[in-house]
Amino acid sequence: MAETAETPQRSVRVVLFGLMIAMLLAMLDNMIIGTAMPTIVGELGGLEHLSWVVTAYTLATAASTPVWGKLGDLYGRKGIFMSSIVIFLIGSALSGMAQDMGQLIAFRAVQGLGAGGLIVGVMAIIGDLIPPRERGKYQGMMAGVMAVAMIGGPLVGGYITDNWGWRWSFYINLPLGVVALFMISAVLHLPKKQIKTSIDYLGTVLLTVGITSLVLLTTWGGNQYEWGSPQILGLLVLGVAALAGFLYVETRVAEPVIPLHIFHSRNFSLISVIGFLVGFVMFGAMTFLPLFQQIVQGASATNSGLLLLPLLLSMMVVSLIAGRVTTQTGKYKIFPIVGGGLMTVGLYLLSTMDTGTSRFVSGVWMAVLGAGMGFLMQITMLIAQNSVEMKDMGVGSSSSTLFRTIGGSFGVALFGAIFTHQVQNTMTDRLGEAAAGAGSGAAQMDPAGLAKLAPPVKDAYLHAVAGGTHHVFLWGAVVSVIGFLLAFFVKEIPLRSAPTAPSTEEAVAAVEVV
């Protein structure tokens, strides 16, 4: 009997290992590519299109996420998930073979389409297999994978680029993806679904147009184009119109890509907003913390992954602890409240940094912020999944992921505008109108370039960057307070001890060892 009981549990662990590899693929890719980009531009050219290498990937991921979730609900999770892995690997192989920047951007979009399915597929399959009462510790493991990707990605990317060439930054995905495909194919056996229904093509198109418009608006606004320019205003009108049309269509079709009834749950609606705010703050912090440490504290850009180690380790450890406590007690409401409070405090502490702040002090403040994120990252997904029926597990997971992704896009864009404005104002105050444009290159200035500046300009620049990050984190703390207050209204609905539709035994038996 002991051997019989051990076998399905071992099978679950094998499947989870495959899922962790898939999550690592999605998270690691952007981290590795970031380090390789200078070499890529040096070989392929196209510096003016550099941002599109990242934007194309992010855009395709955000737009495809809800579609993947719905397809999994309709036609079965396993086949759809494996399809997303295959598409991601095709995009990786093509990206490695790109001969110019235009090809690379197009192939990165293919990668992004697959990545959207990887992220939501992992969370939805965990939702299918693991009861909500036990799910916290497994989702905490996924948060650990994210932290490992963020820490190791830049280091791995630098090593691969220096020793194997930048194309292997993409090719490295192929063996990992094949392992994940084999493990999922051989071990995971979920019931096949045969639902005869029409796909919500119109809703899918409208949602894609709406998401694309919003992501481009926040990416280009204040950067490529002025916020009040016809291009940005046109994107705003197009995005609002597309999303309004999407909401109308979703109330009319038989199988909407995002069923609006899932928002009837107060917990789901609240946690979606909180997830949006977490993404807003998290991606903003991850963008400007390395900038502060490289420019103001003189840290090396080569070790940019290690600069965030206090934040990422804190996030990983706290997420694992929160997951295990949730599994043991079934209680979870306290975590969004504590997480929101710690995140607010951490952001405020980071806003106090100036040109005299040591790396140790900034590391402690980052650890506080990371602890807040750790309490929120996976618990928000757990609450979202516990708030929907099993038939909506895919769209529930994808919608939660989508809100966090869109929040991150808004956060980076708006914080970027605040930062640039403050840097330009400080440079102007210290050096006069002639230096007002110097702040526009803040994100591209490295320590080597900083060392070449005249002492008065360098001093003004350091204070300008410190002032810019002060405003970014202060506004981040204000945004975080909203999430903290909303967390008090989350209702602690008991976590299901089984995935609802099947029993616990059936959920475990869905996985078999061949």
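Reply: A definition comes first: on a 1 Å grid over the protein atoms alone, a cavity is a set of points where a 1.4 Å probe fits but cannot get out, a pocket is an open set with protein on both sides within 12 Å along at least five of seven lines, and lining residues have an atom within 4 Å of a point. The model is predicted, so local features need pLDDT of at least 70 and side-chain atom pairs count only at pLDDT 80 or more, while totals for chains, interfaces and linings use all residues. Residues are numbered from 1 along each chain as its sequence is written, and side-chain values use heavy atoms, with hydrogens and water left out.

Me: How many cavities of 30 Å³ or more are counted by this rule?

Reply: The count is two cavities of 30 Å³ or more. The largest cavity has a volume of about 70 Å³, and the second largest cavity one of about 40 Å³. A volume here is the space filled by probe spheres set on the grid points, which are joined across faces, edges and corners.

Me: Which residues line the largest cavity, and which elements give two or more of them?

Reply: The lining consists of Trp 68, Gly 69, Gly 72, Arg 77, Ile 80, Phe 81, Gly 117, Val 120, Gly 121, Ala 124 and Gly 394. Two or more residues come from each of α2 (50-75), α3 (77-96) and α4 (101-129). The largest share, four residues, is that of α4. Helices (H or I, at least four residues) and strands (E, at least two) are DSSP runs numbered from the N terminus.

Me: What is the make-up by class of the lining of the largest cavity?

Reply: Ala, Val, Leu, Ile, Met, Phe, Trp, Tyr, Cys and Pro count as nonpolar, Asp, Glu, Lys and Arg as charged, and the others, Gly among them, as polar. By class, the lining of the largest cavity has five nonpolar, five polar and one charged residues. For the second largest cavity, the lining divides into seven nonpolar, three polar and no charged residues.

Me: Which residues line the second largest cavity?

Reply: Ile 274, Leu 277, Val 278, Pro 336, Gly 340, Met 343, Leu 376, Ser 480, Gly 483 and Phe 484 line the second largest cavity. The elements that give two or more residues to this lining are α10 (266-295), α13 (334-351) and α17 (455-487).

Me: What is the volume of the second largest pocket, and which residues lie nearest its centre?

Reply: The second largest pocket holds about 330 Å³ of space. Its lining has 15 residues, of which Leu 207, Ile 211, Leu 243, Leu 402 and Phe 403 lie nearest the centre. At least two lining residues come from each of α8, α9 (230-250) and α15, and α15 supplies the largest share, five residues. The lining comprises 14 nonpolar, one polar and no charged residues.

Me: Why is α8 called roughly parallel to α15?

Reply: The axes of α8 (residues 201-220) and α15 (residues 393-431) come within 8 Å and cross at roughly 25 degrees. Angles under 35 degrees count as roughly parallel, over 145 as roughly antiparallel, 65 to 115 as roughly perpendicular and the rest as oblique; α8 is therefore roughly parallel to α15. The contact is made by Ile 211, Leu 214, Val 215, Thr 218 and Thr 219 of α8 and by Leu 402, Ile 406, Ser 409, Phe 410 and Ala 413 of α15. These residues divide into seven nonpolar, three polar and no charged. Contact means heavy atoms within 4.5 Å. The axes are lines fitted to C-alpha atoms, for helices over the stretch in contact, and angles run from 0 to 180 degrees between N-to-C directions.

Me: Why is Gly 411 called buried?

Reply: Buried means under 20% relative accessible area, exposed over 50%, and partly exposed in between (1.4 Å probe, protein chains only). Gly 411 has a relative accessible area of 0%, and therefore counts as buried. Gly 411 belongs to helix α15 and touches Phe 280 and Gly 416, not counting residues up to four places away in sequence.

Me: What makes Thr 327 count as buried?

Reply: The relative accessibility of Thr 327 is 15%, so Thr 327 counts as buried. Thr 327 is found in helix α12 (residues 309-329). Of the 514 residues of the protein chain, 55% count as buried.
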